[in-house]
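This report covers selected backbone and surface features of one protein model. Please keep the sequence and the structure in view while reading.

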Amino acid sequence: MSLWNRILSAHRSGDSTGRAEVKEFFFPKPGRAFFIRMGAVALLAFIVFKFLLIPCFIEGESMMPTFPRKGFTFCWKLRYLFSEPQYGDVVIIRYSDGVYFLKRIVGVPGDEIFFRDGILFRNGKAVKEPYVHYISYWNTPRTIVKPGHYFAVGDNRSQHVRVHKFGQVRAARIAGSPLF
């Protein structure tokens, strides 16, 4: 019998009622097979949560009503492995160790971005933003998005422009996109 078959059959019993199987499923005997399975699960969890998904807690109002003031999501790190962020993409930006911001891409390298009376202008043309639901009175100077950077801003523009964190962000700081 192969090692793999021995591992898979290690917990089976001869009890015909099935009660022993249920008990062994929830309370397995800590033998060799048990520790091999636990090691495989731990290794898989490490790989998934280190290299594919980052658990992210949402705290703040900058993306309301698109995302709630408090919530949870995963950052899908492979989202931009073979593509670049596009207009309207919601991205997760690495701000510092363990701190991430959830923002929307409104400008790509080379774009001229500014706000007048709360309206976003990209390359001199007003942009329709159906995801912005709150009134804004922002006025900002014209900004040219540098190469290798993106212009990111939250959907809730009712906050005063001085307290809202937005602007150019290096492409390397974009960790991925929310999974849900």
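Is Asp-117 buried or exposed? Asp-117 has a relative accessibility of 57%, and exposed means over 50%, so Asp-117 counts as exposed. The model is a predicted one.

## Positive phi angles

Most residues other than glycine have a negative phi. Asp-117 is not a glycine, yet its phi is positive, at about 50 degrees. Asp-117 sits in the loop that runs between strand S5 (112-116) and strand S6 (119-122).

Asn-123 also has a positive phi, near 55 degrees, and is likewise a residue other than glycine. Its place is the loop between S6 and strand S7 (125-126). With a relative accessible area of 41%, Asn-123 is partly exposed.

## A cis peptide bond

Most peptide bonds are trans. The bond joining Met-64 and Pro-65 is cis, with omega at about 0 degrees. Pro-65 belongs to the loop between strand S1 (53-59) and strand S2 (70-76).

Where is Phe-180 found? Phe-180 lies in the segment after strand S11 (174-178). Its relative accessible area is 53%; the cut-off for exposed is over 50%, and Phe-180 is therefore exposed.

Methods: Residues numbered from 1 in each chain as written. Predicted model: local features only at pLDDT ≥ 70, side-chain atom pairs only at ≥ 80, totals over all residues. Heavy atoms only, no water. Helix = DSSP H or I, 4+ residues; strand = E, 2+ residues; numbered from the N terminus. Buried < 20%, exposed > 50% of the residue type's maximum accessible area, 1.4 Å probe, protein only.
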